[in-house]
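Me: I'm new to this one. Could you walk me through how to read a few of its features?

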Amino acid sequence: MRNLGLATAAFAVTFWAWNLIGPLSGSYSRQLTLSPTQTSLLVAIPVLVGSLGRIPVGMLTDRLGGRRMFAIICFVSIVPVLFVGWSNSYGWLLFWGFLLGIPGTSFAVGIPFVNAWYEAPRRGFATGVFGAGMGGTALSSFFTPRLVEDFGRPSAHLLIAAVLALMGVIMLGGSRNSPAWTPSTASALPRIKEVMKIKATWQCAFLYAVTFGGFVAFSTYLPTLLQNVYHFAQTDAGLRTAGFSIAAVLSRPLGGTLSDRVGPVKVLLVSLGGTALMALVLALKPPAEVPAGVGFVLMAFFLGLGTGGVFALVAKLVEASRVGTVTGLVGAAGGLGGYFPPLVMGAVYTAAGAYTIGYVLLAATALVALAYTLRAFRSV
């Protein structure tokens, strides 16, 4: 439990760092006179590295262990965090925002790290609790705009850098790799080729791209959407985005625990069906707070259930020695699933002045994933 708690805390801190740009998107847009498409690209760019970087990070975790990899990511992330805080041009923000994806790779460290500490019947619970660390996006949405208002952007980013440094030291000194874990000595490319031949890798990657990708897309782009559609101030939009993230954070361990009891497939069916329904409700542009606010919270709840269900499915279908590498690939797919929707939303809003088409596309994607889940996992 101590190692699970430390891993969850490290995940939360690194996810806060990963999501530093999204809550400030409104101020960047105003200061640099950005178009909706430019703003959406700025918000989405950290997601790209945070997604693709999970593949090599997952393999390095199999080789070096979660304890060292958590510390390395915390320490390396300090550099882009500081430079994003000091950048005042769109080009430099894109460059350092690209490298800000590094803290987003921590997910591929934590899943194999906590998996190794738990027997198979409890891994849904363990990965679900660890996944609650994605609440770092809620911390960022709530605190980052306020810290910037009170102390300025450079000082706020300096504070986050200090927290990352402290978390890295804590992981080195306080966490331990499971006695059941042994370093992988196989070279990287053969391991990737092996897990790419596993059907479950691609199946879970698709489902995670929909569930976790949906969460990432909303948690990064929702502040911009709320300011454009409902004209909230930046801090008010951040507060509501934090509420969205908290709902997903609370439902993720629930999804993992329910997966241990009733099976991950049933959890995923509820998640995908609920996501499609809420997307259609929000496509109607309902009034703010009620029912729109309720719709966003329920959307987050269903997406969080699904993220917990997917990795319970991974633990069920993939042998423990390959979980790290599979997690890297599945996690990369989940992050990429969160990279494209903000770009689509920005383009849709530029062209039509509304987000209706984007919501309809989300509902259609969730329904396709639901139908595939029903067909592919009848016997699971």
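Me: Let's start with contacts. Leaving aside its neighbours within four places in sequence, which residues is Thr-224 in contact with?

Reply: One thing before that: this is a predicted model. Beyond four places in sequence, Thr-224 is in contact with Ser-25, Thr-39 and Val-43. Thr-224 itself sits in helix 12, which runs over residues 199-229.

Me: What joins the side chains of Thr-224 and Ser-25?

Reply: That's a polar contact, at 2.6 Å.

Me: And is Thr-224 buried or exposed?

Reply: For that you look at relative accessible area, where buried means under 20%. Thr-224 has 8%, so it counts as buried.

Me: Now the inside. How many residues does the largest nonpolar core have?

Reply: You look for buried nonpolar residues joined through their side chains. Here the largest such core has 110 residues, and Phe-130, Phe-218, Leu-225, Phe-244, Phe-296, Met-299 and Tyr-359 are the ones with the most contacts inside it. Helix 12 gives the largest share of this core, 15 residues.

Me: Pick one of those. What does Phe-296 touch, not counting residues up to four places away in sequence?

Reply: Quite a list: Phe-218, Leu-222, Leu-225, Leu-226, Tyr-230, Phe-244, Leu-282 and Tyr-359.

Me: On to charges. How many salt bridges does the count come to?

Reply: A salt bridge pairs a side-chain nitrogen of Lys or Arg with a carboxyl oxygen of Asp or Glu, within 4 Å. The count comes to 1 salt bridge. Glu-289 forms a salt bridge with Arg-240, and their closest N and O atoms are 2.6 Å apart.

Me: Which parts does that pair tie together?

Reply: Glu-289 is in the loop between helix 14 and helix 15, while Arg-240 is in helix 13, so the pair links parts 49 residues apart in sequence. Glu-289 has 40% relative accessibility, so it counts as partly exposed. Arg-240, at 28%, also counts as partly exposed.

Me: Where is Thr-33 found?

Reply: Thr-33 is in the loop between helix 2 (25-32) and helix 3 (36-52). With 67% relative accessibility, Thr-33 counts as exposed.

Me: Last one: is the peptide bond from Val-290 to Pro-291 cis or trans?

Reply: You read this from omega. The bond from Val-290 to Pro-291 is cis, with omega near 10°. Pro-291 is found in the loop between helix 14 (264-283) and helix 15 (292-317). Glu-289 has its place in that loop between helix 14 and helix 15 as well.

Terms used: Residues are numbered from 1 along each chain as its sequence is written. This is a predicted model: local features need pLDDT of at least 70, side-chain atom pairs count only at pLDDT 80 or more; totals for chains, interfaces and linings use all residues. Side-chain values use heavy atoms; hydrogens and water are left out. Helices (H or I, at least four residues) and strands (E, at least two) are DSSP runs, numbered from the N terminus. Buried means under 20% relative accessible area, exposed over 50%, partly exposed in between (1.4 Å probe, protein chains only). A polar contact is a pair of N or O atoms within 3.5 Å; within protein, one must be able to donate a hydrogen and the other to accept it, and residues adjacent in sequence count only if both atoms are side-chain atoms. Contact means heavy atoms within 4.5 Å. A nonpolar core is a set of buried Ala, Val, Leu, Ile, Met, Phe, Trp, Tyr and Cys residues joined through side-chain atoms within 4.5 Å.
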